[in-house]
Amino acid sequence: MIAALLLLIPFLGALTLLLLRPAQARAIALATTLASLAVVLYAWATFTGGAVTHLDLAWADAWGLRLKMGHDGVGLLLLILTGVVFPFIVAAGYGQPEDRPATFNALLLFTQSFLYGVFLAQNAVLFYIFYELTLIPVFLLLLYWGGEHRRSITMRFFIYTLLGGLALLFGIVYLLVLNGGNGDLAALAAMDLPAGTQVWLFWALFLAFAIKLPIFPFHGWQPETYHMAPLQGTMVLGAVMLKMGLYGVYRLVLPVVPVGTAYWQDTVIVLSLIGAVYGGIIAFRQADLKRLVAYSSLSHVGLLCAGLFAGNAYGISGSLYQAFAHAILVLCMFYIVGAVQERTGTTDLRAMGGLKSAAPRLAALYFLVVVNAVALPLTQSFVGEWLMFAGLWQVKGWYAFLGLTTIVLGAIYVFHAYQRVMLGPARDGLAAADASARDHLVLVPLIAITLLLGVWPGPVLDLVDTPVLQLLSGLTAP
Amino acid sequence: MSDLRPLTTRSRVVSDKRMTLMERIYLPAMVAGLLITIRHFFRRKPTVRYPEQERPRPAVYRGRHVLKRDEKGRERCTACGLCAVACPAEAISMVADERKPGEEHLYREEKYARIYEIDMLRCIYCGLCEEACPKEAIFLTDRLVKADRERMPFVFGKDELVEPMDPARRIDVSGRQTAAVRTFKQNPRYAHNR
Amino acid sequence: MTLATALFLLVLFVVTLTVAAYSTYAERKVAAFLQDRIGPDRAGPFGILQPLADGTKMFMKEDFIPAAANRRLFTLGPAIAMITALMTGVVIPWGGELTLFGETFRLQGTDPEIGILFVFAIVSIGVYGIMLGGWASNNKYALLGSVRAASQMVSYELGMGLSIVALVMLNGTLSLGGIVEHQAAHGWNIIYQPLGFIIFLVCAFAETNRSPFDMPECETELVGGYHTEFSSMKLGFFLFAEYTNMFISSAVISTLYFGGYHVPGLDRLGLDPNLTTLIGTAAMFAKTFFFIFFFMWVRWSTPRFRFDQLMNLGWKGLIPLGIANVLITGTVYHLAELWKG
Amino acid sequence: MAALFYILAAISVISALTVVGARNPVNSVIALVVCFLSIAGHYVLLNAQFLAMVHVIVYTGAIMVLFLFVIMLLNLNKPGGPRKSLAMRLAAAVAGGLLFLTLAAAVRQGVAITPAAGFDPGVGLVRHVGQVLFTEFLLPFEVSSVLFLSAIVGVVMLAKKDKDEAPDPHITGPERARRTA
């Protein structure tokens with residue numbers, strides 16, 4: 001029931017928007033996302049701890065495809081994430097395109113629907129279908145509402161993702177063949193593949209997620225795409241789509257090819273950490289606020305992936321916790337990019353300065369976000385990153401050390417950007433309005449979540465606890 | 001501006017060049033400075049402990065004044081007032097009086113200074129009074145004005161200025177009479193002064 | 001606390017005050033000598049009674065408290081300055097062991113495990129005297145002086161701490177007695193820690209507000225700085241505290257870097273242990289007096305820094321140097337350990 | 001020792017109350033300094049000398065000096081300070097009350113305040129603290145140091161001026177021209 005509601009509410013909302021093209025497209029979209037948020041929260045309220053199956057229908061069993069939907073704690077966490085994030089994305093005031101708002105919002109809703117699908121799917125093929133489906137609305141968003149060079153950049157994004165997708169498809173099909181056509185994720189996890197197979201199959205499965213995240217050598221599409229995409233598109237990409245990669249690793253890579261994971265663990269962690277540090281350094285050199293945030297996201301994601309591959313309770317739960325924290329952070333960051341762009345008419349850091357005197361409230365909100373971005377205590381990022389460092393520490397001391405560098409780098413670029421935008425002498429002719437009611441409506445709840453989860457991470461960690469321990473017992477057993 | 005030359009050889013052009021690393025460390029310069037001062041530490045001190053020791057003063061030193069008497073012990077001053085006029089600090093004041101009969105052994109001329117005062121706090125010891133004096137009555141000497149806590153004692157009257165009668169205690173000012181002065185005074189026009 | 005300790009502390013108290021008092025005389029003499037003068041020489045032979053005359057004068061002066069001042073804090077300021085200045089001497093080892101009447105004493109008030117930290121802690125409290133006194137005067141010069149003093153002392157404590165870290169790494173103890181003994185066994189620290197010594201020395205100048213870092217009482221800019229409004233013995237306490245601090249920091253420098261009461265080769269002479277101890281104490285005082293002289297020597301040789309130069313030197317010069325010193329010391333120490341196997 | 005403890009405890013409590021009660025912020029700060037010192041005394045009584053000294057150096061010597069600094073520079077010494085709004089006072093009262101409730105509940109639920117069994121008097125000494133800090137608690141230690149580092153970096157970045165602005169007024173002449181070019 002819940003699964004069907006989650007899939008259908010945004011889907012039907014999107015269809016309504018597409019067909020009727022009402023004037024109040026955004027309000028309707030917002031109402032739809034809020035409705036789905038209510039469903040998600042209901043699911044959370046009734047969640048008791050174990051894995052839940054909402055739907056189990058035969059579909060095309062011969063192809064290993066079965067309409068099996070449900071979630072465990074981690075799935076629920078990502079469902080909550082999707083539910084929480086989308087109302088804010090729709091409500092985000094800046095960057096709402098003038099032309100065809102109905103289509104635009106419909107695409108956002110489609111994305112949400114498919115994302116719910118990804119996080120609900122309990123069948124590998126179903127997972128794959130939803131995973132690829134999410135691409136389509138985002139692809140359209142980028143192509144029609146993107147900025148400069150949108151065609152070539154979107155094309156690059158598409159090619160990268162497609163390659164990863166093909167590898168993933170191959171991996172899943174291979175697994176299906178081995179498993180006698182049973183695509184059930186639990187069944188796949190129970191398979192005991194020979195070590196040699198696992199070692200190469202790991203990359204077939206992981207490549208798509210590595211690109212989606214993206215980690216170091218596969219990140220070529222990311223900064224440009226983030227920069228060019230419309231604000232909402234960037235938010236979707238950064239806040240949720242990226243977590244899809246993380247979820248994929250958690251769902252499809254770690255339990256299915258544990259030996260392969262162990263074999264490649266160090267490689268992936270090192271690549272991730274290289275990306276994390278490299279992203280941080282590049283971010284500091286950026287003269288463009290939006291690009292800076294894009295690279296900072298690259299840096300954070302590197303850490304997330306490294307934490308996930310630490311392969312212990314601290315690392316994995318920290319990574320998943322941080323996945324949620326990062327989504328909130330990315331939303332705030334991009335929202336502020338939009339807010340700043342709206343006021344100064346540019347995202348070029350060199351052309352900014354002194355916004356604080358004109359917009360002190362915005363500056364204060366921005367500062368709270370900044371504090372979260374550098375993972376200061378009492379923010380949720382602190383909890384997540386700390387857990388990840390503890391996890392990495394157990395693997396190798398200097399992994400944690402490299403990870404810690406990203407915090408310092410983060411402080412450098414984030415505060416640098418803040419100084420550039422808000423402090424210093426005001427630029428000539430800057431007559432900006434202070435934070436509007438909408439800014440408050442979007443940023444204040446997000447910051448409240450940040451602070452609340454920073455002080456009281458229990459609820460989210462509880463969700464993650466059981467499944468992670470279960471996963472770990474599977475990892476260590478063979 | 002370029003043809004303005006420095007007035008002394010000690011002037012330095014201020015340079016704003018970047019200091020080299022050695023200079024920026026400061027320590028070498030500091031050590032150099034310390035060495036300079038420590039050399040002075042062991043140097044002989046030129047201090048003169050004044051009341052006990054006195055620095056020899058040259059004969060032409062311009063210290064406190066004296067009102068001379070002539071060889072017969074008569075005051076040379078006729079209270080003409082030229083010294084007071086010449087005094088740039090207006091430190092000299094006097095009251096003239098007529099010589100009574102029977103005072104010829106005291107005053108050389110018919111007119112003399114009944115009161116003659118110099119405010120030693122105003123005096124700048126320039127010696128113009130001495131130059132102005134047509135009677136060679138006032139001279140600056142190598143004696144010093146004694147310190148005091150009050151102001152009034154610094155106004156010297158005749159009791160302090162006029163030299164003693166006793167020929168043995170006369171104050172010798174010949175040191176102030178350089179060769180040039182002496183020749184000048186040989187001029188017959190000034191014979192009345194002798 | 002035994003009677004012996006109490007007696008020792010009393011003697012220490014008197015000695016500290018005497019040294020501080022005579023430092024004022026020494027300062028004037030040194031200044032004079034460096035400037036080719038002879039300095040005070042009227043009170044007693046060579047002016048030896050000058051400090052007494054100064055003290056008498058200080059006591060005779062009117063004890064004036066400005067109307068707008070905060071009376072309580074105004075009085076508290078000099079008191080804190082004086083108390084903290086006198087406290088530190090307790091942990092400094094002035095000599096080795098002395099055997100008298102069949103009992104053995106150490107010429108040290110107490111030797112806590114954290115001796116050097118104790119010195120630091122007390123010094124850091126010393127700022128309050130200056131800050132409160134300056135602020136309570138309700139005078140802008142005094143306030144500026146105390147603000148300068150506070151920022152200066154807080155800043156230079158970092159550099160000082162870093163130089164000490166390297167030293168402690170080598171000596172393996174925070175106890176001052178332990179540090180001296182380590183130096184007696186392995187050679188003076190100045191040989192191993194020249195850079196650390198320079199950093200410590202510069203910081204000591206700043207911590208004691210001595211020229212070239214005497215910005216807090218910089219006469220040309222701030223009249224008298226934090227003690228502008230003080231008169232009589234309250235002023236005397238401030239000045240006294242400065243000289244006491246100078247004495248104590250000289251003693252600390254000698255202890256930390258110049259072997260304290262250790263005299264190389266003295267043990268081998270086979271002298272009476274008591275005599276050895278006394279020579280050691282004399283050596284300690286000689287070293288201390290040398291550094292007091294050095295403080296004065298520098299004061300009368302160098303011009304005052306500008307305040308931004310002071311801050312630049314502290315934060316951008318000494319602190320990075322201190323960190324580098326810690327790193328170098330650690331690396332070399334580790335390599336030496338490896339070498340020894 | 002017990003007498004010393006009671007004296008120190010009395011000083012702590014009285015000075016802490018003065019911190020809250022004093023109308024002049026400077027008096028508050030001084031009372032807080034006294035409170036810190038007496039707490040350092042408690043540490044010494046527990047034979048945790050290292051902690052005591054670090055406490056004095058860091059809190060009394062550095063942090064409170066900065067507090068005092070700010071109060072003095074901003075001239076915040078008006079007794080009573082600005083009138084707080086009703087909402088502010090209400091919020092403060094609620095927050096304080098909640099804290100009090102929590103503490104009271106904790107005490108009621110039997111936080112046993114008894115001397116720990118087998119108390120090792122050497123636990124607070126430098127050698128032991130150092131050993132534990134660099135073995136058992138290495139990660140938290142390093143993480144907190146990195147946090148401090150990032151805080152420092154953050155402050156530096158915030159306070160740093162743009163390079164292209166306002167050349168140093170002390171530099172004039174050709175050097176200035178060379179630098180601005």
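# A tour of the chains, interfaces and enclosed spaces

The lining of the second largest pocket is made up of 14 nonpolar, 11 polar and 11 charged residues. The model on screen is predicted.

**Stop 1: the second largest pocket.** To find this pocket, select Thr24(C), Asp54(C), Met58(C), Leu239(C) and Tyr243(C), which of its 36 lining residues lie nearest its centre. Now colour helix 1 (3-34), helix 2 (50-60) and helix 10 (232-257) of chain C, the elements that give two or more residues to the lining. The volume of the second largest pocket is about 780 Å³.

**Stop 2: the largest cavity.** The space inside the largest cavity comes to about 400 Å³. Which elements give two or more residues to this lining? They are helix 3 (71-87), helix 4 (115-136), helix 5 (140-171), helix 8 (194-207) and helix 10, in chain C. By class, the lining of the largest cavity has 17 nonpolar, 7 polar and 3 charged residues.

**Stop 3: the second largest cavity.** Move to chain B and select Cys77(B), Cys80(B), Cys83(B), Cys133(B) and Ala137(B), the residues nearest the centre of the second largest cavity, which is lined by 14 residues. The volume here is about 80 Å³. Of the lining residues of the second largest cavity, 11 are nonpolar, 2 polar and 1 charged. The model has 6 cavities of 30 Å³ or more.

**Stop 4: chain D against chain C.** Show chains C and D together; of the 4 pairs of chains in contact, this one shares the most contacts. Each chain brings residues to the contact: 24 from chain D and 24 from chain C. Between them the two chains bury about 2,200 Å², with 77% of that area on carbon and sulfur atoms. On the chain D side, select Met53(D), Ile57(D) and Met72(D), which lose the most area to chain C and together make up 26% of what that side buries.

How many residue pairs are in polar contact across the interface of chain D and chain C? There are 3, with both residues at pLDDT 80 or more. The salt bridge count for chain D and chain C is 0. Next, colour helix 2 (25-45), helix 3 (49-73) and helix 5 (126-134) of chain D, the elements that give two or more residues to the side touching chain C. Helix 3 of chain D supplies the largest share of that side, 13 residues. The side of chain D that touches chain C has 16 nonpolar, 7 polar and 1 charged residues.

**Stop 5: chain D against chain A.** About 1,700 Å² is buried between chain D and chain A, 79% of it on carbon and sulfur atoms. Select Leu139(D), Met157(D) and Leu158(D): these supply 35% of the area chain D buries against chain A, more than any other three residues.

The interface of chain D and chain A has 0 salt bridges and 0 residue pairs in polar contact with both at pLDDT 80 or more.

**Stop 6: chain pairs without contact.** Finish by showing chain A with chain B: no contact joins them, and their closest C-alpha atoms lie 28 Å apart. Chain A and chain C are likewise not joined by any contact, with closest C-alpha atoms 18 Å apart.

Technical notes
Residues numbered from 1 in each chain as written. Chains lettered and ligands numbered in written order. Predicted model: local features only at pLDDT ≥ 70, side-chain atom pairs only at ≥ 80, totals over all residues. Heavy atoms only, no water. Buried area = accessible area lost by both parts, 1.4 Å probe. Salt bridge = Lys/Arg side-chain N within 4 Å of Asp/Glu carboxyl O. Polar contact = N/O pair within 3.5 Å; in protein donor to acceptor, adjacent residues only side chain to side chain. 1 Å grid on protein atoms, 1.4 Å probe; cavity = no way out; pocket = protein on both sides within 12 Å on 5 of 7 lines; lining within 4 Å. Points joined across faces, edges and corners; volume = space filled by probe spheres on them. Helix = DSSP H or I, 4+ residues; strand = E, 2+ residues; numbered from the N terminus. Nonpolar A, V, L, I, M, F, W, Y, C, P; charged D, E, K, R; others polar. Contact = heavy atoms within 4.5 Å.
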